[in-house]
Amino acid sequence: MRLDDKLFDFFKRPLMCIIAVADEARRPSAGRGIGFHVGEDRESVDVIFSAWQWPRLEPAIRQTGRVAVTFVSPSDYVSFQLKGSAVMRETDARDHEAAQHFMATATGELAALGVPRDIIAPWLTDREARVARLAVSEIYVQTPGPLAGMLAGARS
């Protein structure tokens, strides 16, 4: 599934990211993303997370090849969840740069909204950064309101 221009523009905003998985036994796990890259084809998103902070994410993705990632704009709660198949790939310098930028931008946005920086700091670390490449097959609106839970682009 290709990200349309509206969603592509959404990804340029300061965002927070939550990654959700389930292992082979269907035990759920979730963790914070610390960065991402939208693929040039707009059909994939590389999501960066800390395996040190969220150790159950990588094994579950390797076991099942599935992931759901929710992106939220802290300033207005506009949110989208992307689901699909995923594979782990090697982390490179570009990923570390993206993580640093994402964490700084998210921290700045949350601080501007009144969240103390010392509270934010433990949420965002790139220690043992890992990257999951999500091949997007479903996109859901998660913004609170009448369209929440609907497929993006669907009409109520």
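Entry 1, strand S1 and its partners. I looked up Ile19 and found that this residue stands opposite Gly31 in S2. The model is predicted, and I read the pairing from its coordinates. S1 covers residues 16-22 and S2 covers residues 28-38; the two run antiparallel and are joined by five bridges. I then examined the hairpin formed by S1 and S2: five residues lie between the strands, and Arg26 takes a positive phi near 70 degrees.

I next turned to strand S4 (residues 66-72), which pairs with S1 in the antiparallel sense, again over five bridges. In this pairing I noted Ile18 opposite Thr70.

I listed the contacts of Ile19, leaving out residues up to four places away in sequence. Among them are Ser29, Ala30, Gly31, Arg32 and Gly33. The list also includes Val47, Ile48, Phe49, Leu57, Val67, Ala68 and Val69.

Which residues touch the most other members of the largest nonpolar core? I found Phe11, Ile19, Phe71 and Leu82, in a core of 42 residues. Strand S6 (residues 129-141) gives the most to this core, contributing seven residues.

I located Met103 in helix H3, which spans residues 93-112. Is Met103 buried or exposed? I count Met103 as buried, because its relative accessibility is 9%, and the cut-off for burial is under 20%. Beyond four places in sequence, Met103 touches Ile34, Leu124, Thr125 and Asp126. I also checked Met103 against Met16: the two are 87 residues apart along the chain, and their C-alpha atoms are separated by 8.9 Å.

Conventions: Residues are numbered from 1 along each chain as its sequence is written. This is a predicted model: local features need pLDDT of at least 70, side-chain atom pairs count only at pLDDT 80 or more; totals for chains, interfaces and linings use all residues. Side-chain values use heavy atoms; hydrogens and water are left out. Two strands pair if DSSP finds at least two bridges between them. Helices (H or I, at least four residues) and strands (E, at least two) are DSSP runs, numbered from the N terminus. A nonpolar core is a set of buried Ala, Val, Leu, Ile, Met, Phe, Trp, Tyr and Cys residues joined through side-chain atoms within 4.5 Å. Buried means under 20% relative accessible area, exposed over 50%, partly exposed in between (1.4 Å probe, protein chains only). Contact means heavy atoms within 4.5 Å.
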